[in-house]
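Thanks for coming. Please put the sequence and the model up on the screen, and I will talk through both chains.

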Amino acid sequence: MANITFTLNGASQSVDVVPEMPLLWVLRDVIGLTGTKFGCGMALCGACTVHLDGQPVRSCSTPIKSVAGKRVVTIEGLSPNGTHPVQRAWMEVDVPQCGYCQSGQLMTAAALLARKPKPTDADIDEAMRGNLCRCGTYQSVRAAVHRAAAMNGGRS
Amino acid sequence: MTRGIDRRWFLKASAAATGGLLVGIYLPEAGEVVLDAQFGPPGGGPIVPSAFIRIGTDDVVTLIVHKPDNGQGTETSIAQLLAEELDCDWSRIKTEFAPINAALYGGALQGTFGSMAIRTTYDPMRRTGAAARDMLMQAAASRWNIQKSQCRTENGAVINTVTNARLSYGSLAEAAAKLPVPANITLKDPAQFKLIGKPLQRVDTPAKVTGKATFGIDVRLPGMLHAVVARCPVFDGKVARFDATKAKAVPGVTHVVEIPQGIAVVAENTWAAMEGRRVLQVEWDEGPNAKLSSPEIRQRLLTLTTTEGGGVAEQHGDFAKALAAVSQPIEATYEAPYLAHARLEPHACVAQIKDGVCEIWTGTQIPGQAHSTAVQASGLKPDQVRVHTTYMGGSYGSRGGGPFVMEAVEVAKATNRPIKVTYSRDDELQHDLYRPASAVRFMAALDTEGWPAAWFARIACPTWMGLRNGVARESVEGIAEYDIPNVKVEYHDPKLPIPTGYWRSVGLSQNTFFAESFVDELAARGKKDPVELRRRLYAKSPRLLAVLNLAAEKADWGKPLPAGRFRGVAAVAGFGSFNAQVAEVSIEQGRVRVHRVVCAVDCGRVINPTGVIQQAQGAMVYGLSAALRGNITIDRGRVAESNFHQYEPLRMNEMPVVDVHIVSSTAAPGGMGELTTPPIAAAVGNAIFAGTGKRIRRLPFSLEKI
């Protein structure tokens, strides 16, 4: 066991866990933030995407020891009240069906827009191809990313 | 429109336990005997405190949804039906998923399946809303001392048309609860609809974009432990012996227990449980299927397609005579593989047994089945078992409420702790109820003008529903739905031990590919345009014909495409709805690329157009993923694929543009959850043939070099 401290959604967080334990399970089972989803455990589906020092990472394949001292943002911390441009755009387009992949889609899209405020379709394909959606919402996701970009360069 | 209430839809009303009005309705699917036993004869006895509409004295209107939402928006569209006739303020409604109640919500079949959520509720839900509205008006009329006919409703309030006074539903709820349910209910003229037919935002969207929506896998109870189960990888195998020493040495692991389904490793968190399972030592008794692999399964299916004497599923005209009349019958054999559902949320179920009550929290299509499973596993009485239905991270047919509920209850019993059982991705792919692998042999004859005169299909396909007159109906549906004078369909059960079950669109998922591809072969052989031939074959189904023509028109069928692009068409009638698709494809380095799909839909009256478009796109993508590379293979009795690198759904960069065109209709609502899955494989295959002359008769397309 090891005591690991990092910043979670803007606040300091300490956990006492096995250092190899993936960030995903620390978030979900130890801390109780369940907005970040388990889908594959092998960084193949993107459902567990969070921001680590501003970069999108697959939390299922990120050992907690590598998070020490860093900043983690999850879907719960993306905005105070669901007001991040991607969340507003997702609501306007009414993207989710089952919704299980959408935390990951939103986190990947927010990271894309932070890096590239006006993405092309090709940029969206490249950034979002790692996020599977079994309900087939891709066309709505694409429209919502463009809509968020049109709001204010995707910045909250 | 005024109609007497059908007794099967007997309405009940009472004061809500928390004050206010509660209106319920007897559902036709529940059956009268159960209802009367539960409630006594109509008109007597109190109603249980769960129904469809709850109006609080605080003006909050709660709409209770008894069809779980797999993602297809039943929570929103059923609420629209109730709220439309109730005339309440949509911005102030709340929704809840219904608890288990056999009489009110359908008992063992309380659930969402068969694309029936809207088809079975369109009328009853509207009547429920209208009854509540009528009672509120009567309560207001009494208070004002005027006739009910002098009242109208608007946005959650009754208006006095004489004085323009206004009483909110909340202020009338308690008085209304004391009134009898009206004998006659007037439903709105559809021309007056304010909510039905409107693209209202889904009620679950805000929670699903903020991470707040609770799925089964998200449920947490105080003192809960996390479990994963080691199951024999070979179907029908079992535990021979196991040694828990290494698993128990993993930090966080608390219990290792044997249950009927295998060995459960229980821990303080999911990851520790998975780590414990990874090092658990189990020796399996692999049982009778340990040598069965895909090549042998394939051979068994193909052999049966050339074996006489199958069950006769369909026969009209004289197929044999029509075939004998031509010198060269057209023959072809088609094949489809096993498929997993691969919903993104793995199965998960929380079970707690405490003070003689077993409670279940899970995302399930069929809470009624989850309830009976938990009753059986816990050994408790039905009224001692409660099921809490959460959101589901996809379902597509097999999130019934069977094995994963059973496992959670078994582990909760064995550990005496609240337990969450979670499936890993390999559990999901390797312990599913699969869409069956199948094969069909077609024979057909054309008349002298090149039109189909005879159609024969012999299908070999495993069944999980059993045979009636030697035929598994779900295995032959959609294989011969054409206006052809001489038809025969035969069926063989290959009796394979791989567990199978409902997969989005069931038998149509493969049979529409088979039949709509073979139709294209007949078009080519008879030198007919594929749309022209279909117009003739669909002649007896005007609505199918209409979506075919609409799709062809919107796709510019017959007009030139850019070099390297090709079109294919296919259509289906099913679930009370009609769909035609035109796919536009190219071949890039031997691989199929789908650029655009024009999708024409007639699903009768539309409740929520956004929902229809979502389902049209989504169900098509589900079929396209399977067509391009969906393939579950069996290796020595076990599933070879373990994760998304081996069973990879369509990704964003492969998503075609989908143009959905909805036929405006006042016909009864049809189903949308499965409608567009069946045609896409044939539309793409037919486009590949149009472009390359190569006819692909085996799914997925990735198996063949194009």
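Start at B:Ala227, which, leaving aside its neighbours within four places in sequence, is in contact with B:Ala264, B:Val265, B:Val266, B:Ala273, B:Val411, B:Ile419, B:Lys420 and B:Val421. Two residues are in contact if their C-beta atoms, placed from the backbone, lie within 7 Å. B:Ala227 is also one of the residues with the most contacts inside the largest nonpolar core, together with B:Val265, B:Ala408, B:Ala551 and B:Val684. That core has 273 residues. Helix α18 of chain B, residues 609-629, gives the largest share of this core, 11 residues. By a nonpolar core I mean a set of buried Ala, Val, Leu, Ile, Met, Phe, Trp, Tyr and Cys residues joined through C-beta atoms within 7 Å. Buried means that 20 or more other C-beta atoms lie within 10 Å of the residue's own; exposed means 12 or fewer, and partly exposed is in between, with C-beta atoms placed from the backbone.

A word on the source. This is a predicted model, in which local features need pLDDT of at least 70, side-chain atom pairs count only at pLDDT 80 or more, and totals for chains, interfaces and linings use all residues. Residues are numbered from 1 along each chain as its sequence is written, while chains are lettered from A and ligands numbered from 1 in the order in which they are written.

How far can chain B be trusted, in terms of mean pLDDT? The mean is 91, and 92% of its residues reach 70 or more; pLDDT is the predictor's confidence in each residue, from 0 to 100. Over residues 1-10 of chain B the pLDDT is below 50, and this stretch has 20 contacts in the model beyond near neighbours in sequence. Residues 26-50 of chain B also stay under 50, with 44 contacts beyond four places in sequence. Where pLDDT is low, the predicted coordinates should not be read in detail. The model scores ipTM 0.97 and pTM 0.93.

Now the overall build of chain B. It has 19 helices and 30 strands; these are DSSP runs numbered from the N terminus, helices being H or I of at least four residues and strands E of at least two. The chain's radius of gyration is 27 Å, which agrees with the value near 27 Å for a compact globule of 706 residues. That radius is taken over C-alpha atoms, and the globule rule is 2.2 Å times the number of residues to the power 0.38. Buried residues make up 56% of chain B. Among its contacts between residues at least 6 apart in sequence, 78% join residues at least 24 apart.

Next, strand β24 of chain B, residues 486-492. Is this strand mostly covered or mostly open? Seven of its seven residues are buried. B:Asn486, B:Lys488, B:Glu490 and B:His492 point one way, and B:Val487, B:Val489 and B:Tyr491 the other. In a regular strand the side chains alternate between the two faces of the sheet. Strand β16(B), residues 311-316, runs antiparallel to β24(B), joined by five bridges, and B:Val312 stands opposite B:Glu490. Strand β23(B), residues 452-460, runs parallel to β24(B) with seven bridges, and B:Ala454 has B:Asn486 as its bridge partner. Two strands pair if DSSP finds at least two bridges between them.

Further along chain B, an open sheet of four strands has the order β25-β26-β27-β30, with mixed pairing. Its edge strands are β25 (566-574) and β30 (657-662), each pairing on one side only. Strands β27(B) and β30(B) run parallel, joined by six bridges, and B:Cys599 is partnered by B:Val660.

B:Asn145 has phi near 60°, and with 6 C-beta neighbours inside 10 Å it counts as exposed.

Last, chain A, with five helices and five strands. Along the sequence they follow the pattern β-β-α-β-β-β-α-α-α-α. Of its 156 residues, 58% count as buried. Its radius of gyration is 15 Å, in agreement with the value near 15 Å for a compact globule of that length.
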